Structures are given as structure tokens and as C-alpha cells.
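Hello,

Here is the structure I promised to pass on. My notes follow below it.

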Amino acid sequence: MFRGLALEKGIVIRVSEASSSSIKEIAASLANELKLDERSLVILDTSHILIREHSDQIISRLKYRFGIDSILITYVFQRNSMDSDLEEFVNEIKEKFSRERKRLQVFKLRALNKISEETRSKIIRFLIEKLGIKQRENQVDLTIYAFEKNDLCLLVINKIDCIGGSYFSTNELSVSLVSGGPDSTLATLLACRSGIEVVGVYFDFGVRELRDKARQRVIRSIRLIANKWGRIRKLYIVPFVDVVQNILSFSDPRYFFVLLKRFMVRTAGIICKKEGCRAIITGEIIGEHASQTLWNLDVISEALADIPIIRPLLTWDKSEILNYLRKIDLDLYDVVSSSIEPCVVSSKIKPTTRAKLDFVKKEEENIPINDCYLNDLVEKSFKIMF
């Protein structure tokens with residue numbers, strides 16, 4: 001029983017449909033992770049599990065767990081004591097709205113499974129009588145979720161959205177190009193969400209003072225994902241100052257960004273093969289930069305024909321990315337939302353949005369960078385293990 005309450009309080013988690021694992025496997029894993037007796041977990045249906053314990057520590061651990069769509073703070077009623085438990089439940093609702101200084105006038109009851117008409121009517125009638133509020137479907141102050149299982153009735157007034165995805169890792173590896181900004185950070189997090197284990201690759205170049213700040217930001221962001229969410233294996237910090245200088249010195253500046261991205265994906269391809277990864281993930285968005293037109297992205301991808309490049313955010317916009325990060329992980333959002341641009345050449349170049357592949361290849365022949373050069377950079381890279 002929850003301390004001080006006649007009414008038991010627990011947690012219901014909704015398992016993501018994207019998770020291919022059985023609900024029994026997930027329940028057993030949760031019991032082990034949270035160090036709970038398996039009897040403390042009740043499988044309600046194919047996507048909901050009741051944890052008959054409640055603490056901020058458990059909620060925090062569940063929130064940063066892949067494979068969970070939502071956490072429902074749940075009040076557990078026994079059928080034979082439902083009337084007295086409903087009194088306690090109403091007091092909890094009053095306290096919640098008093099604490100949040102909100103006015104409660106309208107509610108709706110949403111069933112998470114098929115509940116009996118008797119139970120539904122009793123809950124609705126009790127709330128209307130005791131709280132003096134109205135029931136309707138739209139523009140409500142409070143949504144109460146209801147679930148019925150054998151001799152238990154569960155009512156929920158607090159719902160925490162989570163990230164969903166695959167509960168267990170697929171043990172497949174992918175390289176993710178990271179900059180410490182919101183786009184590549186979210187692309188990396190979404191890859192982890194899908195069950196992929198990630199090797200991060202950061203290309204270190206630009207103005208020295210800003211470069212130091214940018215490097216520290218990417219380390220902080222990757223470490224946060226690793227510590228909170230998991231599925232980060234390693235971070236490569238690749239020294240790329242000389243590559244940038246060579247591109248600037250030996251090629252048409254209009255093609256700088258496309259050429260730079262082509263050398264980046266080639267280097268990432270070397271790391272892919274070294275680490276046994278199957279793909280490269282980037283945070284590129286259509287049209288955000290000149291190098292990110294569909295035309296130029298195709299020219300960039302051509303530089304690495306044997307390894308797929310995955311761009312999970314291709315059709316997102318910046319506000320969607322920032323809003324999603326803010327909603328899922330405020331700490332991570334605080335680290336990556338500010339702008340740091342260590343490379344200042346962008347202000348001096350008018351880049352092409354429609355690079356010609358034949359011309360790009362000819363430009364590359366003039367740049368004194370080959371696969372041996374890039375292999376050497378990978379070996380010289382600073383590596384952080386997680």
C-alpha cells in the first residue's frame with residue numbers, strides 16, 4: 001500500500017508498438033532493472049504493465065527507457081472497497097488542482113480497455129457529485145484514464161509522455177555524424193530509439209576558441225545520451241582542420257560545403273568498416289543549408305556507394321526538432337539548443353545549391369587528400385568510450 005493512503009498508488013507503463021519484444025520479456029526485464037519482485041508487476045494486456053510500487057526514482061528510470069510510450073501514475077482500486085477508495089481519489093484530484101492553482105470544471109473519462117458499464121457509471125456519478133464538475137468530450141480540464149482487470153480498477157490522472165521505440169537493443173551498430181547541435185543530436189537519439197548501437201563521429205575544425213566550445217558541447221551531449229538513455233558505444237573526434245584548409249586552397253569555393261561533406265562521409269565510411277557498423281546517420285534537413293538541397297544530398301551520397309546514409313530528420317523543420325527535444329529531455333535540449341559555429345568560412349562563400357557531379361569529381365582530383373590520408377586521420381582521432 002502507498003504510505004498514508006487507504007488507496008494503493010502505482011505506475012502503469014504503455015509499451016511502444018515499435019517494440020518487437022513480448023510483454024512477458026519486457027516485464028521480466030523491468031523487474032530485474034528496478035530490482036522488484038515479479039509479483040509487483042501485473043501484465044494488464046499486450047501493451048500495458050502495472051508496477052504496484054510508486055516512487056520518483058522509478059519514474060525517472062522509466063522515463064529515460066527506450067520502448068516505453070507513456071507512464072501513467074495510477075490509483076489501484078479493489079472492487080470490494082471501491083466506494084471508500086473513490087473518496088480518497090477525489091481528495092487526490094482536489095490536491096492536484098490546488099497545488100497547480102488550476103480550476104476544475106469539466107472532465108472526461110477515457111477507457112484504456114473495455115470497462116463495465118457499472119464501473120463507468122459509478123466513477124462518473126461519483127466525480128460529478130463530489131466535485132461538482134461536468135462531463136464532456138471536448139475542452140476538458142481533466143482527462144481520467146480507466147482500466148479494468150479482474151478484481152482491479154485503475155484510474156489515472158497524470159500521464160507522462162516518453163520516447164517509445166524498441167525496448168531491447170538490436171545489437172546492430174551505426175556511425176552517427178554529430179556536431180553537438182539539435183539536429184544531429186536528435187538524429188542520434190532516434191537511431192538509439194530504434195535499437196541501434198551508435199558510434200559517434202565529430203569532425204573538429206574551425207576557429208580555435210569556438211572549436212573548443214563546440215568540442216565540449218558535443219562531448220556533453222553524447223555523454224548525456226549515453227548516461228541517460230544508453231546505446232552509445234564510442235565517440236571519435238576527428239582532426240579535420242587540414243582537410244578544410246586543403247579544400248579551401250585547391251577547389252572552387254562554391255563547392256566547398258559539398259566537397260567537405262563528401263570527405264566527411266568517406267571518413268565516416270572508414271570508421272564504419274573499422275567498427276563493424278552497417279550505416280551512417282546524419283541530422284541533415286532538406287533545404288536548411290545550401291549543401292542540403294535534394295540535388296546536393298544526392299551528390300554527397302555518391303561519395304560512399306557501399307554504405308547507406310540514413311537521414312531520419314530529412315523532412316523535419318528546426319522548430320519541430322527543438323520542441324521534440326524539449327519535450328523528451330530538457331537537460332539535453334539545454335545543452336544543444338544554443339548555436340556554436342566554429343567554422344566562419346560560410347559567411348565568405350556563396351555556395352551552389354545544384355552541384356554538378358562531374359565537376360565535383362574533377363575538383364576532388366586537385367585536392368591532396370586520398371584514402372590513406374583519411375585513414376591516418378581516423379587513427380589519430382581522439383576516442384572516448386562509453
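Where pLDDT is low, the predicted coordinates should not be read in detail. The protein chain as a whole averages 90, and 96% of the residues score at least 70.

This is a predicted model: local features need pLDDT of at least 70, side-chain atom pairs count only at pLDDT 80 or more, and totals for chains, interfaces and linings use all residues. Residues are numbered from 1 along each chain as its sequence is written, and side-chain values use heavy atoms, with hydrogens and water left out.

Now the sheet. Six strands form an open sheet with mixed pairing, in the order β13-β12-β9-β10-β11-β14. Helices (H or I, at least four residues) and strands (E, at least two) are DSSP runs, numbered from the N terminus. Two strands pair if DSSP finds at least two bridges between them. β13 (309-310) and β14 (382-385) are the edge strands, each pairing on one side only. Inside the sheet, β9 (173-177) and β10 (197-204) run parallel over five bridges. Val175 stands opposite Val199 in β10.

Last, helix α1 (23-33). Its buried residues (under 20% relative accessible area, 1.4 Å probe, protein chains only) are Ile23, Ile26, Ala27, Ser29, Leu30 and Ala31. They pack against β1 (8-15), β2 (41-43), β3 (48-51) and α2 (56-63). Lys35 follows α1, with a positive phi near 55°.

Best wishes

Technical notes
Buried means under 20% relative accessible area, exposed over 50%, partly exposed in between (1.4 Å probe, protein chains only). Contact means heavy atoms within 4.5 Å. pLDDT is the predictor's confidence in each residue, from 0 to 100.
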